[in-house]
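Look at the structure below and follow it one part at a time.

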Amino acid sequence: MMDSKDFVYPSQEVMDYATVKSYDDLYHESIKNREGFWAEEAKRLEWYKPWDKVLDDSNHPFYKWFTGGKTNIIQNAIDRHLKTANRNKLAFIWEGEPGDLKTYSYHALNREVCEFANILKAMGVHKGDIVTIYMPQIPEQIFAMLACAKIGAAHSVVYGGFSHEALAERINAANSRVVITADGGFRRGKPTRLKDIVNKAMELSPTMEVCITVKRTGEEVYMENDRDYWYHDLKALPIASHKCETEQMDAEDMLFLLYTSGSTGKPKGLVHTHGGYSVYTSATHRMVFDIKPEDRWWCAADPGWITGHSYMVYGPLINGSTIFMYEGAPNHPYPDRWWRMIDKYGITVLYTSPTAIRGLMRYGESWVNRHDISSLRLLGSVGEPINPEAWRWYHEVVGKKKCPIMDTWWQTETGGFVITPLPVTPLKPGSATKPFFGHEVGVVDEQGNDVAANEVGALVIKNPWPGMARTIMGDDNRYNETYWSKFEKQKYYHAGDSARKDEDGYFWIIGRSDDVIKVSGYRLGTAEIESAAVSHSDVAEAAAIALPHELKGSGIHLYVILKAGLTGSKELAKELLDHVAKVMGPIARPEEVIFADSLPKTRSGKIMRRVLKARALGEDEGDLSTLDD
Ligand code: WT7
């Protein structure tokens with residue numbers, strides 16, 4: 001472990017290039033006049049009608065930003081660029097796994113989005129509707145999101161790795177009438193079969209009426225009359241005009257809904273807005289990565305997660321960047337695929353996860369070194385704490401010691417970066433460093449008091465910010481309960497992570513303190529995993545815990561009590577692993593199943609996962625006073 005005193009300083013070259021040369025001055029200003037800071041940022045964007053009030057905090061915790069303002073995120077992500085030289089700039093470069101290539105200027109992107117928007121309108125999608133998107137990483141996934149936004153419909157993107165049950169649950173919760181999908185995508189040389197999964201999900205969904213399918217793999221798929229439409233067929237009809245007015249939205253209108261896991265079984269649909277989210281994602285992206293017109297930006301995430309929404313699609317497009325997207329596996333056909341593409345397209349900033357870095361690191365540096373990746377000037381990391389070995393490899397082998405690493409801490413709920421360095425920030429490997437402008441972040445004890453330097457506590461955000469989720473769809477109470485009730489008196493946002501702040505004011509994220517497990521950076525709830533396990537007919541009870549995993553950060557370990565009279569076997573263990581992976585999706589596949597006779601519980605019947613974890617790790621079991629013998 002590196003000592004927390006070991007700074008890694010930016011080079012003179014990085015300092016000379018930087019737009020923001022000093023963090024401290026701007027930070028203090030942004031805290032002294034938070035609303036003024038965000039108003040300045042909002043003024044960089046175009047509005048149909050300016051806002052009356054920057055922040056309406058009259059109904060805590062339901063904050064509103066830029067109230068009275070009218071905009072649409074598309075006004076800034078596309079329309080504004082059509083009036084400038086950006087019109088002919090590349091907005092989007094895409095490479096498919098088989099090696100096919102597509103590029104779109106802002107002009108071309110606009111045509112695609114308008115056509116898609118008109119098709120959605122023709123399918124009866126109205127302002128305020130929620131459209132579910134379940135797609136592989138192909139250009140139409142991004143067009144679909146932008147098309148929804150353009151006509152004022154909200155999108156709910158469901159990650160393409162989720163099972164049909166998980167998809168159906170999300171379609172039903174959002175009351176979606178329309179789902180957009182593809183026949184499949186390419187992954188490790190093989191076509192995936194997404195449309196089959198959508199077909200099964202639709203059988204479980206009473207609200208589904210229309211499914212639009214993009215042809216990608218050309219595999220045979222089942223299509224039903226009057227329900228299923230090929231996208232290319234619709235595109236050939238006169239309804240798919242390439243001219244479409246952008247719908248003028250209230251700043252606070254919903255832009256999208258994104259489901260994420262929490263402590264209970266039901267996934268939470270977090271609501272983000274047109275106005276505040278536009279301001280927040282573009283400001284954070286521009287300042288943290290010091291985005292300039294010549295950049296080629298690669299956020300190697302899936303648009304199915306918040307990282308993809310904020311920093312693959314919306315933030316970069318608002319900033320007029322050229323974004324890059326790749327469809328498939330990082331090691332296909334060889335482990336140099338990423339480095340080859342960075343070389344080929346001249347990528348300048350790579351933003352990815354510690355899991356991806358560890359995965360590529362495993363193949364050794366010779367795969368990196370056979371390509372010229374000197375176009376890179378900055379690197380980024382997100383999703384989980386980055387371990388020192390991965391940090392060093394990323395810094396030395398990928399960044400050749402000249403690219404600072406922006407380790408950005410944030411969440412689906414925050415909409416964008418909250419704790420993050422700037423390129424000029426002296427780094428400490430493994431620390432996300434300091435709060436972004438406008439933020440006061442703390443580490444507190446159970447009562448909400450700041451703990452001393454280097455002590456572990458709960459991570460809180462002490463102020464509202466424009467990119468914050470507004471609520472959990474249809475459940476204001478749960479929103480209040482989950483994030484705002486623990487430190488109600490102080491009005492702090494409770495992030496659910498434990499952390500410490502060192503003597504230099506640098507934040508070190510330790511991990512989730514609730515029943516959320518991060519597997520390869522993906523967020524899964526123990527309750528969801530457990531309910532998937534007990535849906536197997538042999539299982540009476542289950543408990544899921546996270547243990548350290550070399551590649552994934554954490555892996556799931558599943559304790560199972562079988563129904564009376566049954567005994568565990570290797571075959572049954574394998575069957576249960578497959579079952580959980582089938583019910584939830586392959587990312588939720590546990591590492592192992594452990595058959596148990598009983599589980600440690602509190603007297604009120606709650607499973608004490610921390611006791612299981614301590615026992616598995618051979619650590620002290622801590623306070624057992626609430627344990628029911
Ligand atoms: C959780 C949020 C934010 C986009 C991707 C994940 C963990 C996130 C970091 C980081 C340490 C991190 C936290 C957080 N996390 N970034 N840089 N260092 N931990 O979004 O799925 O909503 O998960 O990811 O535990 O609470 P998410």
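**A walk through the model**

Pro333 sits in the loop that runs between strand E17 (322-326) and helix H12 (337-345). This is a predicted model. The peptide bond leading from His332 to Pro333 is cis, and its omega is near -5°. Another cis peptide bond joins His60 to Pro61, with omega near 0°. Pro61 also belongs to a loop, the one between strand E1 (53-56) and strand E2 (64-67).

Most peptide bonds are trans, and most residues other than glycine have a negative phi. Asp290 has a phi near 40°, which is positive although the residue is not glycine. To find Asp290, look in the loop between helix H10 (275-288) and strand E16 (296-299).

Next come the annotated domains. The UniProt entry, which is unreviewed, places the feature "domain: AMP-dependent synthetase/ligase" at residues 86-465. In the model, this span is 30% helix and 21% strand, and its end C-alpha atoms are 29 Å apart. The unreviewed UniProt entry also carries the annotation "domain: AMP-binding enzyme C-terminal" for residues 528-606. Residues 528-606 are 28% helix and 34% strand, with 15 Å between the end C-alpha atoms.

Two packed helices are described by the angle between their axes and the distance between the axes. For helix H13 (residues 354-361) and helix H15 (residues 388-398), the angle is about 75° and the axes are 10 Å apart. An angle of 65 to 115 degrees counts as roughly perpendicular, so H13 is roughly perpendicular to H15. On the H13 side, Ile357, Arg358, Leu360 and Met361 make the contact, and they meet Glu389, Ala390, Trp393 and Tyr394 of H15. Sorted by class, this contact of H13 with H15 has 6 nonpolar and 2 charged residues, and no polar ones.

The largest cavity holds about 40 Å³ of space. Its lining consists of Val157, Val158, Tyr159, Phe162, Arg170, Tyr259, Gly304 and Trp305. By class, that lining has 6 nonpolar, 1 polar and 1 charged residues.

The second largest cavity holds about 30 Å³. Glu413, Trp465, Met468, Ala469, Tyr479, Trp484 and Tyr493 line the second largest cavity. Of the residues in this lining, 6 are nonpolar and 1 is charged, with no polar residue.

Technical notes. Residues numbered from 1 in each chain as written. Predicted model: local features only at pLDDT ≥ 70, side-chain atom pairs only at ≥ 80, totals over all residues. Heavy atoms only, no water. UniProt positions renumbered as here; feature names shortened; annotations may be inferred. Helix = DSSP H or I, 4+ residues; strand = E, 2+ residues; numbered from the N terminus. Axes fitted to C-alpha atoms, helices over the stretch in contact; angles between N-to-C directions. Parallel < 35°, antiparallel > 145°, perpendicular 65-115°, else oblique. Contact = heavy atoms within 4.5 Å. Nonpolar A, V, L, I, M, F, W, Y, C, P; charged D, E, K, R; others polar. 1 Å grid on protein atoms, 1.4 Å probe; cavity = no way out; pocket = protein on both sides within 12 Å on 5 of 7 lines; lining within 4 Å. Points joined across faces, edges and corners; volume = space filled by probe spheres on them.
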